[in-house]
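Please examine the sequence and the three-dimensional structure shown below.

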Amino acid sequence: SSPLLQEVSLTIPAGRITSLWGPSGAGKSTLVQLIQRKYPPLSGEIRFNAARCEDLELTHLRSIIGVVPQSIGVFNASLAENILLGRSAACLQEIEERLAACGLGTLCRRFELGLRTPLGEEGRRLSGGELELLGLARALFAEPALLIIDEGFSAVDVDLQRALGRVIRRYSRDHAVLLITHNLETLRETDYLYLLVQGCIVEHGDPRLLLQREGLFQTLLPAMSGSIQE
């Protein structure tokens with residue numbers, strides 16, 4: 001059988017928002033799993049700065065990667081407990097201070113009782129936006145070196161989407177951020193985009209420039225031009 005990814009080479013540096021786009025089945029989720037070392041690549045290597053991924057202790061590797069997955073699990077506990085997921089915090093104030101430091105303090109006040117808000121069984125009472133907010137707060141709590149957002153913000157209203165976009169932009173100044181999304185409003189905030197098709201990176205660059213020249217990206221997103229331009 002042919003490999004899921006072939007000759008894929010990309011860089012996710014701190015200081016910019018990098019996005020990965022491609023049709024369903026292109027290999028985006030596989031790449032995210034490889035970065036987290038869910039399984040090893042058959043060839044090639046993944047590096048964090050100068051260190052090879054396989055040379056890093058797995059617990060440490062997972063601690064420096066924060067992921068907002070497509071499906072966000074919710075437990076029958078408070079918002080604070082759902083953010084911590086077993087990690088330690090001296091008190092609610094420490095959690096509030098950490099969230100405020102990454103720009104999420106005000107947004108978490110959307111919950112009726114703040115961090116004490118009970119989320120209920122499987123988070124049935126939460127809106128799509130509140131679920132995304134929980135996922136981002138959970139991922140950013142430990143200030144990971146690499147933040148990965150996998151198909152996020154699809155169920156978020158425009159105002160919250162813009163607010164979360166400002167949080168991510170602020171975080172990207174000193175950290176690496178990878179967005180995997182079909183959301184055109186999210187893509188328009190991207191600094192650099194990689195187009196993945198059938199397991200290969202076929203185009204890459206500033207999404208605005210990719211739209212201005214003939215190529216596969218322009219062909220696959222004919223309706224994107226109006227959304228991405230200022």
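Which residues does S19 touch, not counting residues up to four places away in sequence? Under that condition, S19 touches L178, L179, L187, T190, Y192, L193 and Y194, where contact means heavy atoms within 4.5 Å. The model is a predicted one, in which local features need pLDDT of at least 70, side-chain atom pairs count only at pLDDT 80 or more, and totals for chains, interfaces and linings use all residues. Residues are numbered from 1 along each chain as its sequence is written, and side-chain values use heavy atoms, with hydrogens and water left out.

S19 is found in strand 1, residues 17-21; helices (H or I, at least four residues) and strands (E, at least two) are DSSP runs, numbered from the N terminus. S19 counts as buried because its relative accessibility is 0%. Buried means under 20% relative accessible area, exposed over 50%, and partly exposed in between, with a 1.4 Å probe and protein chains only. A14, by comparison, lies in the segment before strand 1 and counts as partly exposed at 49% relative accessibility. Apart from residues up to four places away in sequence, A14 touches S172, D174, H175 and A176.

The protein as a whole has ten helices and eight strands. Its radius of gyration is 18 Å, close to the 17 Å that the globule rule gives for 230 residues, so the protein is as compact as a globular protein of that length. This radius is taken over C-alpha atoms, and the globule rule is 2.2 Å times the number of residues to the power 0.38. Of the 230 residues, 47% are buried. Among contacts between residues at least 6 apart in sequence, 67% join residues at least 24 apart.

The interior can be described through its nonpolar cores, each a set of buried Ala, Val, Leu, Ile, Met, Phe, Trp, Tyr and Cys residues joined through side-chain atoms within 4.5 Å. The largest has 36 residues, and L104, L136 and L147 have the most contacts inside it. Elements that give two or more residues to this core include helix 5 and helix 6 (158-172). L104 is in contact with L99, L133, L136, A137, L140, L164 and V167, leaving aside neighbours within four places in sequence. A second, separate core of 23 residues includes L31, C53, I64 and Y192.

L31 also belongs to helix 1, where K28, T30, L31, V32, L34 and I35 are buried. Six of the eight residues of helix 1 are buried, so this helix is largely enclosed by the rest of the structure. After helix 1 comes R37, whose phi is positive, near 60°.

On a 1 Å grid over the protein atoms alone, a pocket is an open set of points where a 1.4 Å probe fits, with protein on both sides within 12 Å along at least five of seven lines; lining residues have an atom within 4 Å of a point. The largest pocket is lined by 36 residues, of which L10, L31, I35, E45 and I46 lie nearest its centre. Helix 1 gives the largest share of this lining, four residues. For the second largest pocket, 25 residues form the lining, and Q36, R62, I65, G66 and V67 are the closest to its centre. Helix 1, helix 2 (58-63), strand 4 (65-68) and helix 5 (128-140) each supply at least two residues of that lining.
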